Amino acid sequence: MARLQLRNLEKDYGTFRAVHGINLDVEDGEFMVLVGPSGCAKSTTLRMIAGLERVTGGEIRIGGELVNDKTPGDRGISMVFQNYALYPHMKVRKNLSFSMRLKRRPSAEIEQATNHVAGLLEIDPLLDRLPKQLSGGQAQRVAVGRALIKKPQVFLFDEPLSNLDAKLRASMRVRITDLHKRLKAENQQATVIYVTHDQTEAMTMGDRICVMKDGHIMQVADPVTLYSRPANTFVAGFIGSPEMNFLDGTFEGDNSVRAAEQLVTLGDEFTKRISGRSEHVTLGIRPQHLRIAAAETPGTIRGKLTHIEFMGHEVYLYVDIGPKRLIAVVPSASYDRGALRDDWVWLSADPKGVHLFDRQSGENISLAI
Amino acid sequence: MTDHILSQNSAAARDVDVVRSRETRRHRFNAVLRYALLTVVGLLMLYPLIWLIGASFKTNSEIFSNPGFWPEHPTLDGYIRGWKTSTPYSFGTFFINTLWIVIPKVIGTAISCTAVAYGFARFDFPFKKVLFSALIATLLLPNVVTRIPQYLIFRDLGWLDSYLPLWVPSALAGDAFFVFMLVQFLRAIPRDMEEAARVDGANTIQTLVFIVVPLLMPALISVCLFQFMWTMNDFLGPLIYISSVEKYPISLALKLSIDTTEAFEWNRVLAMSVLSLAPALAVFFLAQKYFIDGISSGGIKG
């Protein structure tokens, strides 16, 4: 019913092309997160879907229907803004029911819908307050309520949590995903497009995540795939914290890559996958997949331990290999303080966590199976 | 040793007290000086007004014999005879005439300037920059320059000796200053609320009426207030376009009572001046709160 399709969607600002013909399908009831660094055109894309920004080229279809030239009010969407955008001169009750009053619904129906939404979001005690009398979290819930009351086909969220403090953000995150599940269970169409720059929000909330960069889609996948099988260096670097370690090297056959003047041995399966591809590669290893080896064995990487950061349940180890710095994250329990600062250590990589990227295109060549 | 330290401490404490009391005295002296100066200058500014009110209760002869503002023999004579005027019409007629100009002009200005400012501040259309420059250019044009062409236009339209020339231009957003003021104010209001309204299904007019106008209210009240006061005080406009006495507004009627009588009845003129000041003062004090209030930022709190 409320499937959202973007076909070759383009947006130009004068001579500057902000969105480069993107294609995206969001299934009915799916929670899709658009994520990327600032300036990647994720908000522009969302605003085009909302109808607040004119489309330069391509198509937007909601529920199969072309909506390019429809007004925002006729698209069957509703939107939650970053700054809440509550109407400051209306009480919460009027803010919630504004869309229904515009449609001249009977007052009994408005009253009933307002109370239902207020109950759902636990904002009933706030109904007779003005927006300026609300805290950030309350205003956010009213903004969500205002979107909810329209019973839209597609919900659009534009960085809705970025103005809240960390604690509130975590609880709102849960609240929004809960709400999405509940609406789904109540059989209301609840396709969600959620824009954020925060990868934690993206990873925890999205059914699927669409990673964007400079107006291009880099990868669309579920959180697990995005983390374990990133399509390119950008996605690999963007998702995951601390960032993935990258080492430029050359593929030498025999399951090994020469990087930072050392030979790194990979699993058997790599050779099969990579044969025939470029030999100039970038080695990508997540910090969580590096371990301190007990002794030098073939394939380990030698480096100097320069910093140790104790984070509670895990320890961050900074190891310099020539001019490059690698980060290894090891569980506190397994870090026995055997290695100290300025010691020379050997790092071994879990072969399952090693990726090889084409150095030129950034494409993950180790994914081809 | 202990004694020594103690005495030193108490000496220090005494020093602190001395310094503190000196500071307090200095602050008090400064405050007295400041308020005295403000009072004197304030009185200097207000004195003509105070004298006007006082003198309106004096007899004609006392106005020139008694320089103070407090009347020795207070009389309402000036008000009673001034109200009757030397024409067949009472001063009330002139008050009503003024309202016939002021009300359409203020309402027309509020509506037209809001619409035009909304257009300039929120929409892109061809030649927007040229048109806005033209609007600003009219701000710089001296009024005198347009007097004669305007007069000729209104004469050809057959509008002379009617109130139309006095309010129709303003009701068509003819006051560039107000449009400019509202445009500047609108530019400072984030667009989020209007976008939210459009997502909620409001069309352009509904967005303007339900969202923009309430947000614009403080600026709009200032516009109405200025227009009200300037129109009440306008002398030249009515003088040029209104020729029959029965249509005179207050500003002309006041002048009327000066030159139609042989011996100037000053107390009548002063009494009617006080009355004609009253509406402007009343409106100003009523609207003062909104006039000074800034825009509520409730909807955009972070």
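Which residue stands opposite Ile62(A) in β5(A)? Glu65(A) does. I'll come back to that pair in its sheet.

First, the ground rules. This is a predicted model, where local features need pLDDT of at least 70, side-chain atom pairs count only at pLDDT 80 or more, and totals for chains, interfaces and linings use all residues. Residues are numbered from 1 along each chain as its sequence is written, while chains are lettered from A and ligands numbered from 1 in the order in which they are written.

Now, chain A and its sheets. Helices (H or I, at least four residues) and strands (E, at least two) are DSSP runs, numbered from the N terminus. Two strands pair if DSSP finds at least two bridges between them.

Start with the sheet that holds Ile62(A). This open sheet has four strands in the order β2-β1-β4-β5 (chain A), and the pairing is antiparallel. At its edges sit β2 (16-26) and β5 (65-66) of chain A, each pairing on one side only. Strand β4 of chain A covers residues 57-62. Two bridges link β4(A) to β5(A), in the antiparallel sense.

Next, an open sheet of five strands. The order is β15-β19-β16-β17-β18 (chain A), again with antiparallel pairing. The edge strands here are β15 (290-293) and β18 of chain A, each with pairing on one side only. On average, neighbouring strands of this sheet are turned by 50° against each other, direction ignored. The axes behind such angles are lines fitted to C-alpha atoms, for helices over the stretch in contact, and angles run from 0 to 180 degrees between N-to-C directions.

β15(A) pairs with β19(A), residues 344-349, over four antiparallel bridges. There, Ile292(A) stands opposite Leu347(A).

β17(A), residues 314-321, and β18(A), residues 324-331, run antiparallel and are joined by eight bridges. Tyr318(A) faces Ile327(A) across that pairing.

On to a helix pair in chain A. The axes of α3(A), residues 107-121, and α4(A), residues 136-148, come within 10 Å and cross at roughly 135°. The two helices are therefore oblique to each other. Angles under 35 degrees count as roughly parallel, over 145 as roughly antiparallel, 65 to 115 as roughly perpendicular, and the rest as oblique. Val117(A), Ala118(A) and Leu121(A) in α3(A) meet Arg141(A), Val144(A), Gly145(A) and Leu148(A) in α4(A). A contact requires C-beta atoms, placed from the backbone, within 7 Å.

Last, chain B. How many helices and strands does chain B have? It has 13 helices and zero strands. Its C-alpha trace spans about 105 × 70 × 35 Å along the principal axes. Of its 302 residues, 26% count as buried. Buried means 20 or more other C-beta atoms within 10 Å of a residue's own; exposed means 12 or fewer, and partly exposed lies in between, with C-beta atoms placed from the backbone. Among contacts in chain B with a separation of 6 or more, 73% come from residues 24 or more positions apart.

Zoom in on α7(B), residues 164-171. Pro165(B), Leu166(B), Trp167(B) and Ser170(B) are buried there. The buried residues of α7(B) pack against α4 (91-122), α6 (143-157) and α11 (236-241) of chain B. Just after α7(B) comes Ala173(B), with a positive phi of about 55°.

Conventions. Contact = placed C-beta atoms within 7 Å.
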